[in-house]
Amino acid sequence: MAFPQDRLPLKVELAFTEGQWTNVWSDVLDQQVTVARGQADESALAQPATATLTLDNPDGHYTPGHALGAHYPNVRRGVPCRISVQHGSPWLDATAGAPTAAITHDPALNVRGDLDLRVEADVDWYGSGSLLAKWGPAGQYAYRLYLVAGVLFVRWSPDGIATHFTSRPLPENLPGRCAVRVTVRFNPSSATRTVDMYWAASMAGPWQLFHSSQSASAMGVAASTAPLAVPGAAEDAAPAVGRFHRVEIRDGMDGPLAASADFTEQADGTEEFTDSAGRLWSVTEPAQITNWHPRIVGSVDEWAPTWPYGDLSHGDYAGEARCAITVSGVLRRLGQGAKELQSTLRRRIPSGLPVAYWPLEDGQDATAAASPIEGVADMVLTDVQFAAADDLPGSTALPTIGEATSMTVTIGAMTAGEWYFEMVYKLTSLPTAETTILEVVSDGRPYKRFRVTCSTSAVSLYGLRANDPDAATERLLFFTPRDFAVGWTRLRLSAVTEGSTAKVALNWYPIGNPTAYGSTASYTGVPGVLTAIDTRFGAGLSGMPIGHVAVFDTVSYTVYNGADNGFAGETASARIRRLCQEEGVTVRVTGAATATVAMGPQRPATLLDLLAECAAVDGGYLGEQRDQMALEYRPRTTLYNQKPALDLDAGRSEIANPFAPVLDDQRLRNDVTVTRSGGSFARATDTASIVQSGTYDEQVTLNTAADAQLAGQAAWRVYVGTWPGMRYATLASDFAVAPQVIDDWLGVQVGDLARVTNLPPQHPAGVVEVLLDGWSETITPTRWNVSANCRPAGPFRIAGVAPADPGNVRPDGPYRVDTSGSHLAAPLTEQGTTLTVTSPQHPWTTAVLELPFDIEMGGEVMRVHAISGTGPQIFTVTRAVNQVTKPHPAGSAVHLAQPALVAL
């Protein structure tokens with residue numbers, strides 16, 4: 001038996017002690033919880049997921065600060081909470097991130113011939129992590145499968161020590177739950193290997209090949225005493241986090257099963273099982289096999305004890321005591337009083353472990369430049385105007401120098417042997433006379449000072465043999481000053497020791513330009529360490545901004561890379577990943593980073609504002625994961641041409657009332673202007689809509705990488721804003737009435753496509769498709785219903801190349817461009833199934849492989865099964881696809897029922 005015949009198993013768990021969950025469901029009053037997640041409208045950022053419930057509290061166990069309470073002193077803000085329902089098939093829960101979730105030691109898994117590895121899971125496919133590994137210490141290597149930034153790797157060893165690998169980026173926009181497969185075939189006669197990589201919606205296939213390669217290789221796979229582990233971390237790959245459903249190892253391509261762990265066939269809580277290949281598997285804590293579906297994982301943000309009735313005149317209160325709690329997802333914590341993140345350079349440079357660093361981002365009234373590194377002295381700058389130049393994308397405002405500016409500071413302890421100095425400056429013209437732009441002091445030999453100068457003739461590096469700015473100079477390097485004064489530039493001076501020789505290098509890098517300039521000089525001696533910066537800028541550099549001065553005792557030339565221009569050009573999903581990694585926030589991004597749009601520079605703002613900025617430019621969903629305190633981002637491209645994740649039959653009571661359309665102006669936008677932050681603007685209008693409905697205008701500012709993106713952004717917003725269909729605000733199901741849809745609802749993600757069929761004939765459309773923006777659900781042991789917020793799915797059926805593999809994409813997707821001016825050449829009766837169509841511009845396709853498809857005429861949708869002729873053309877159709885049938889006069893316009901748009 002199962003719900004609704006049986007009571008629905010529910011858990012409300014609180015972690016008063018880290019990692020230890022306490023089930024308090026027995027104390028939930030009214031045995032009811034309400035959970036909401038996702039977006040209430042089409043904003044770029046979802047609201048925090050929330051849950052509300054009331055606990056019975058007669059002994060004060062849930063009263064904060066109550067010393068006699070069972071959970072004292074841990075009834076506090078931020079207690080982790082998890083609310084779950086039990087239903088359907090289980091999975092291996094590896095969300096805790098332990099190196100091993102399931103393991104088998106059977107030695108028969110030493111596959112010596114070809115490899116055939118398969119995994120069905122729901123993980124961050126475009127992140128990094130191990131999927132399976134039979135991989136011990138050196139000498140016990142065998143094979144493993146893992147991800148690195150969305151690239152699938154297979155690695156194996158023929159002798160337990162040496163390793164070989166093949167890698168390939170995964171296809172764009174894989175669904176969250178899917179299967180990957182890798183085969184490695186060895187050909188001894190040619191000493192070559194062939195590696196094929198596949199993916200499928202599930203382990204059942206069909207498998208779609210996305211990579212095949214052949215190369216020379218040692219033969220076979222080593223025997224190893226290492227166990228087979230899922231997900232199986234290794235030295236360079238942490239475990240993948242998520243749900244694992246099935247794992248298969250085959251002895252040779254399509255060969256007999258060597259291991260077949262089907263976690264969906266095990267009972268909840270199973271700790272050991274024998275698979276169909278006879279292998280004994282063990283589940284290791286904190287992983288578990290479970291079919292408990294978390295509906296929210298968050299933290300308690302509010303404890304509200306109340307005493308609603310009872311006599312308070314006596315010392316012992318005998319009335320009812322309750323405690324209402326509010327649980328929120330991670331977005332609430334991230335949004336509470338969050339401070340602005342600093343500039344990208346200010347955040348990135350300390351990660352390179354500089355000995356000393358001065359951002360020079362001090363306020364306009366500063367008298368010295370402070371360092372964020374503890375123990376580093378302030379830098380003394382004379383004759384500067386702080387906070388005067390704010391046009392470097394990777395920085396807040398920096399100072400400009402005057403006609404007699406000095407920059408002096410003593411550098412702390414360094415490790416002798418090599419050093420590296422870098423700073424940014426901005427010049428648009430060079431001084432005619434040779435002018436000092438940098439001078440540093442070292443304790444090396446023979447040179448105690450290094451001076452960099454510039455002029456219209458040359459950029460030069462000099463060595464001074466005495467720690468005296470007036471000592472004689474020896475020119476070590478001499479360059480033509482190409483691109484030295486083209487705007488913001490990085491200036492770098494470094495030195496290393498090679499035996500008895502020192503090498504000093506001078507380089508400059510125009511920011512935003514991949515070209516680098518400079519060279520290296522060698523001399524007999526040692527570079528020592530830098531002891532001070534002692535620069536007296538020449539008058540010819542007056543007005544030059546400078547900043548982000550750093551000194552390192554290890555030469556590493558990549559610290560400033562990307563951060564100098566605020567990571568301009570970075571894709572939206574790549575920025576979301578990077579920001580979350582920098583801030584220690586777990587995030588899962590669906591789809592490859594290359595599938596999202598390019599961003600402008602990252603300026604100081606709160607983390608949530610920066611994430612929402614990415615979602616606004618890309619047009620995707622930014623929200624929370626359901627099974628852990630983490631964020632997720634779903635790019636706009638994953639919304640296109642989806643297959644239904646939720647297929648509901650109205651005739652089987654799979655939808656609950658109200659399911660009512662409305663034609664209103666809530667989302668109507670027919671005049672949109674999009675402005676780029678710090679850039680230009682573009683405007684798009686829909687004249688027909690303005691004439692019909694009046695002007696509904698909107699102005700949006702977006703941080704795009706280039707002005708050229710604005711026209712498409714504006715046109716897309718007008719297209720979505722003038723979509724002609726009616727709006728379905730909600731889609732609901734009552735699981736006590738239609739339990740057959742529970743599994744599908746449990747699997748949906750925000751942004752998935754839902755389709756409703758078998759609507760009554762009075763309904764204006766036979767089939768309704770919507771995207772799910774979010775939902776709320778009310779759960780009790782005997783009742784369970786869900787109500788989703790929706791947006792029209794029509795705008796997201798766009799033109800493109802029809803995929804060979806449908807995957808998560810509709811095979812009947814709108815890959816056809818509509819005609820212009822097609823009309824009936826002869827009238828059509830209500831019963832007719834043959835149309836005579838004239839098309840003055842271009843004839844309709846007659847290719848059998850392009851059929852069938854749907855056309856619309858006068859509100860009736862017909863399915864075209866055959867087309868013949870060139871003009872006029874004869875269409876053979878099925879009538880009333882949308883349950884509308886009526887006669888049509890000659891001259892009636894003929895269109896595709898769902899014409900495609902070339903998307904943003």
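This is a predicted model: local features need pLDDT of at least 70, side-chain atom pairs count only at pLDDT 80 or more; totals for chains, interfaces and linings use all residues.
In what follows, a residue is called buried under 20% relative accessible area, exposed over 50%, and partly exposed in between, using a 1.4 Å probe and protein chains only. Residues are numbered from 1 along each chain as its sequence is written, and side-chain values use heavy atoms, with hydrogens and water left out. Helices (H or I, at least four residues) and strands (E, at least two) are DSSP runs, numbered from the N terminus.

**Helix 4**

- Helix 4 covers residues 607-618, and its end C-alpha atoms are 17 Å apart; this agrees with the 16 Å that its 12 residues should span at 1.5 Å a residue. The expected span is 1.5 Å times one less than the number of residues.
- How many of the 12 residues of helix 4 are buried? Nine are, and the helix is mostly covered.
- Among the buried residues of helix 4 are Leu 607, Leu 608, Leu 610 and Leu 611, as well as Cys 614 and Asp 618.
- The cover over these buried residues includes helix 1 (330-335), helix 3 (572-582) and helix 6 (710-721), together with strand 36 (621-624), strand 37 (631-634) and strand 42 (697-702).

- Asp 649 sits in strand 38, which runs over residues 646-649.
- Although buried, Asp 649 has no salt bridge, and the nearest side chain of opposite charge, Arg 652, is 5.1 Å away. A salt bridge here needs a side-chain nitrogen of Lys or Arg within 4 Å of a carboxyl oxygen of Asp or Glu; Lys and Arg count as positive, Asp and Glu as negative, and His and the chain ends are not counted.
- What Asp 649 does have is a polar contact of 3.0 Å between its side chain and that of Asn 758. Such a contact is a pair of N or O atoms within 3.5 Å; within protein, one must be able to donate a hydrogen and the other to accept it, and residues adjacent in sequence count only if both atoms are side-chain atoms.
- Setting aside neighbours within four places in sequence, Asp 649 is in contact (heavy atoms within 4.5 Å) with Glu 654, Thr 757 and Asn 758.

**Aromatic pairs**

- The structure holds 27 aromatic pairs. Rings of Phe, Tyr and Trp (its six-membered ring) pair if their centres lie within 6.5 Å, and planes under 30 degrees apart count as stacked, over 60 as edge-to-face and the rest as tilted.
- Phe 479 and Trp 508 make an edge-to-face pair, because their ring centres are 5.5 Å apart and their planes are at 85 degrees.
- This pair links distant parts of the chain, with Phe 479 in strand 29 (residues 473-479) and Trp 508 in strand 31 (residues 501-510), 29 residues apart.
- Both Phe 479 and Trp 508 are buried.
- Trp 844 and Phe 853 form a stacked pair, 5.9 Å centre to centre with 10 degrees between the planes, and both are buried.

**Backbone points to check by eye**

- The peptide bond from Gly 205 to Pro 206 is cis, with omega near 0 degrees.
- Asn 641 has a positive phi near 50 degrees and counts as buried at 5% relative accessibility.
- Ala 880 has a positive phi near 60 degrees.
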